[in-house]
Amino acid sequence: MLVREQSSRDSDVDYGRRLSGVFESLVRRKQVDSENVTRENHHHQLAKKLSTLDLVAIGVGATIGAGVYILVGTVSREHAGPSLTISFFIAGVAAALSAFCYAELACRCPSAGSAYHYTYICVGEGVAWLVGWALILEWTIGGSTVARGITPNLALFLGGEDKLPVFLARITIPGLGIVVDPCAAILICIVTALLCFGIKKSSLAQTIVTTINVCALLFIAIVGGYLGFRDGWVGYELPNGYFPFGVNGMFAGSAVVFFSYIGFDSITSTAEEMKNPQRDLPLGIGLTMLICSVLYMLVSTVIVGLVPYYALDPDTPISSAFASYGVQWAMYVITVGAVTALFASLLGSILPQPRILMAMARDGLLPSIFADINKHTQVPVKGTIITGLFAAALAFFMDVSQLAGMVSVGTLLAFTTVALSVLILRYVPPHESPLPSSLQEAINSKLSQLDGESPETDSNVVGDSSSSSDKGNTMLSYPLIERDVSREEKRRKTAAWAIALVCIGILIVTFTASAKYLPSIPRFVSCGVGGVLLLGSLIVLASLDQDDARHSFGHRGGFACPYVPFLPAACILINSYLLIDLGLATWIRVSVWFAVGALVYVFYGRTHSSLVNAVYVRTDYVDEICCSSNHVA
């Protein structure tokens, strides 16, 4: 009986340890890539060849897709009317909030992992895996959707689908009803091959097609402006005024066109390939947002002014607007712009994906084949080929337009976690860093030194004995020499609770605002409670001093996000609302993808993570331990 009770007790302990191990794996955080890590993994480094001009070309090309050639018609007809320009402006301001957050983290943590990397450092492995897995979905479906959109535009340029070469024309498989698109698959293979030749050649191709697209948009603005001043802006001379759908319609239009600004985050995935990331990243992101915003507003101002919003063709609004003035030949210029915009967007969709996979493989969460860098081209050729073939197969066999909403989940989730990471970095930056277990001897030496200096603080220097034996999860703490330590810990706890309550308040507000099926009174009360919680937590957070350790976190210098904590909180609020408002059908599809990702993480990523045997020490001691280890070696 005693043996049975003892074995039962042991099994309960083992089960508890397993649960504890799973939880610890979800919250463990990696270190910002340092010079030591760079030297240690030199064979995994990418070529630093990109300049600010290259970044702007990649960002503008990835952001301005052919959607603007259609959105102008649909959004003005259904939501905004002549106030479409203001809708684009508001959406641009909302997207700029995320751009500010990206700019700071990209300067401090320049890595190919983009939002996945920032989240891994500031939030934890579990959320980082979720973000990385969502980004894989975003770039795959996004690239396949764009590729299938090129075929009809190419057919329009040539004069009809019957003018396409046989090997490019869409074919319906008898009996299955599947429409295969060889043109889309071939284009993805061409882009994949181009990306394998090196980042500089890829950026040159992106610069060329983006320049053609920008010239087409400028043509629309200049020639359309001339026609408007010559014949009068009939689109603005309407009896129902500038806001035919009211101010609410204008804001609804902003929510729709917000997704036309998605794409600038692809810049941050090339952070390791920049010559000077601290300078070039903020400039690249800022110029990308400025160029896209100006072009969007110019085109929308001209088109809704040339033709009344209700008379715009929802499928070809720009071409039909010019045709109404007898400028039919402009269709060819506009079609060239749409095709080049799609090609640039396709290149911008496939470029970041192998780099995200490479970052996850470096951390051990995916097989190491994705982390291989070709020694000649200095790009992840194997990962590029694998992702290109998968995207090509998807574009060839499937009409992925129904899955397009899933693309937004990855982007909005990344925007949200990046803004959260900025709050964590400013107020509660990680004060412990993981070191490889190979440095255990140097860590023990430092531990002995601290024990000798402060024998009364053994329990504070080392964790409890039960945890210290679990795979080297030993943790060095500050010796209690300074009296201000307890005050600093109190500030960190208050800040952490305030950030958590800000997020809870945002979730209550956004969920209640989206739940239109709720009665008005409970909805109003819930929004009020969430708003009070959000504002109160923000006031508490703003009254606290930001952590001094933020100045030494990651790479120094570069851009700093302004108006913290208000700007990141506004970013989280906007993106959370858009996430919840995507609809139940989209979330059901995404849940299936996340369930597959959870299985991959549990059975592979969690056990192969580079942090499995990591030893966590106080950040203050990392450099000293590494130096002593190098000295011994």
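Colleague: Which residues make the nonpolar surface patch?
Modeller: First, a caution: this is a predicted model. The patch is made by Phe-157, Leu-158, Leu-204, Ile-208, Ile-212, Trp-329, Tyr-332 and Val-336. Its area is about 740 Å².

Colleague: Which elements give two or more residues to that patch?
Modeller: Helix H7 (125-158), helix H9 (199-231) and helix H13 (330-350). H9 gives the largest share, three residues.

Colleague: Take Leu-158. Where does it sit?
Modeller: Leu-158 is in helix H7.

Colleague: Why is Leu-158 called partly exposed?
Modeller: Because its relative accessible area is 40%.

Colleague: What comes just after H9?
Modeller: Gly-232, which takes a positive phi of about 95°.

Colleague: Let's go inside. How many residues are in the largest nonpolar core?
Modeller: The largest core has 156 residues. Those with the most contacts inside it include Tyr-69, Ile-220 and Phe-322. Helix H16 (residues 404-427) gives the largest share of this core, 15 residues.

Colleague: And what does Ile-220 touch?
Modeller: Leaving out residues up to four places away in sequence, Ile-220 touches Tyr-69, Gly-225, Val-299, Val-302, Ile-303, Ile-318, Phe-322 and Ile-334.

Colleague: What about the second core, which residues does it include?
Modeller: That is a separate core of ten residues. Among them are Leu-435, Leu-439, Ile-443 and Val-617.

Colleague: New topic: Ser-576. Buried or exposed?
Modeller: Ser-576 counts as buried, because its relative accessibility is 8% and the cut-off for buried is under 20%. Ser-576 is in helix H22 (residues 566-580).

Colleague: Which residues is Ser-576 in contact with?
Modeller: Setting aside neighbours within four places in sequence, Ser-576 is in contact with Thr-416, Ile-506 and Thr-510.

Colleague: Last one, Val-27. Where is that?
Modeller: Val-27 is in helix H1 (residues 2-27). At 41% relative accessibility, Val-27 counts as partly exposed.

Colleague: How far apart are Val-27 and Cys-122?
Modeller: In sequence, 95 residues. In space, 9.7 Å, C-alpha to C-alpha. Val-27 is also in contact with Val-123, Gly-124 and Glu-125, leaving aside neighbours within four places in sequence.

Methods: Residues numbered from 1 in each chain as written. Predicted model: local features only at pLDDT ≥ 70, side-chain atom pairs only at ≥ 80, totals over all residues. Heavy atoms only, no water. Core = buried A, V, L, I, M, F, W, Y, C linked by side-chain atoms within 4.5 Å. Buried < 20%, exposed > 50% of the residue type's maximum accessible area, 1.4 Å probe, protein only. Helix = DSSP H or I, 4+ residues; strand = E, 2+ residues; numbered from the N terminus. Contact = heavy atoms within 4.5 Å. Patch = residues over 30% accessible without salt bridge, like charges linked within 9 Å, V, L, I, M, F, W, Y side chains within 5 Å. Areas by Shrake-Rupley, 256 points an atom, 1.4 Å probe, with all protein chains shown as cover. Salt bridge = Lys/Arg side-chain N within 4 Å of Asp/Glu carboxyl O.
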